[in-house]
Amino acid sequence: NLADIRKLCMPLLDGLSRLLELLSNCFNVTLGEKLLDHMRKFADPDSLNKMRYNTLTNEKGGSARMKPEDEVQVAASIIGLF
């Protein structure tokens with residue numbers, strides 16, 4: 001789900017990258033704007049700290065959040081989509 005930055009993960013971005021390689025004409029302005037919005041959140045220290053400490057309840061009732069070591073990989077993968 002690309003709508004919520006907290007749900008971004010490497011498998012999702014890898015799959016999106018493969019899909020866009022096959023269907024390059026599917027990369028549209030809306031997708032690009034959403035990805036740039038996520039990159040702005042990674043670049044803003046306040047947004048990044050908020051993302052780090054806000055947890056998200058998943059289907060099983062537990063909590064999930066992006067690991068700090070994954071933040072750089074996710075940001076790099078977003079850049080790679082362009």
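E71 is found in helix 4; helices (H or I, at least four residues) and strands (E, at least two) are DSSP runs numbered from the N terminus. In this predicted model, E71 counts as buried because its relative accessibility is 7%, where buried means under 20% relative accessible area, exposed over 50%, and partly exposed in between, with a 1.4 Å probe and protein chains only. E71 and C9 are 62 residues apart in sequence, and their C-alpha atoms are 9.0 Å apart in space.

S77 also belongs to helix 4. S77 is buried, at a relative accessible area of 17%. Neighbours within four places in sequence aside, S77 is in contact (heavy atoms within 4.5 Å) with M10 and L13.

## Basis and confidence

Residues are numbered from 1 along each chain as its sequence is written, and side-chain values use heavy atoms, with hydrogens and water left out. The model is predicted: local features need pLDDT of at least 70, side-chain atom pairs count only at pLDDT 80 or more, and totals for chains, interfaces and linings use all residues.

The average pLDDT, the predictor's confidence in each residue from 0 to 100, is 79 for the protein, and 83% of the residues score at least 70. Confidence is highest in helix 1, at a mean of 89, and lowest in strand 1 (residues 56-57), at 44. Over residues 55-60 pLDDT stays under 50, and the model has 12 contacts beyond four places in sequence for this stretch.

## Overall fold

The protein has 4 helices and 2 strands, in the order α-α-α-β-β-α along the sequence. Of the contacts with a separation of 6 or more, 61% join residues 24 or more positions apart.

Of the 82 residues in the protein, 27% are buried. The accessible surface, by the Shrake-Rupley method with a 1.4 Å probe and, for residues, only the protein chains shown as cover, comes to about 5,700 Å². Carbon and sulfur atoms hold 54% of that surface.

## Nonpolar core

In soluble globular proteins, nonpolar side chains tend to be buried together. A nonpolar core is here a set of buried Ala, Val, Leu, Ile, Met, Phe, Trp, Tyr and Cys residues joined through side-chain atoms within 4.5 Å. The largest such core has 15 residues, of which L8, L13, F42, V74, I78 and L81 touch the most other members. At least two core residues come from each of helix 1 (10-22), helix 2 (29-43), helix 3 (45-53) and helix 4 (68-81).

Beyond its neighbours within four places in sequence, L81 is in contact with L13, L16, S17, L20, F27 and L35.

## Surface features

L19, L22 and L23 make a nonpolar surface patch of about 310 Å². Patches are made of residues with over 30% relative accessible area and no salt bridge; like charges are joined within 9 Å and nonpolar side chains (Val, Leu, Ile, Met, Phe, Trp, Tyr) within 5 Å. L22 lies in helix 1 and counts as exposed because its relative accessibility is 72%.

The count is 1 salt bridge, defined as a side-chain nitrogen of Lys or Arg within 4 Å of a carboxyl oxygen of Asp or Glu. D37 forms a salt bridge with K41, with 3.9 Å between the closest N and O atoms. D37 and K41 are separated by about one helical turn because they are 4 residues apart in helix 2. D37 is partly exposed at a relative accessible area of 27%, and K41 counts as partly exposed at 31%.
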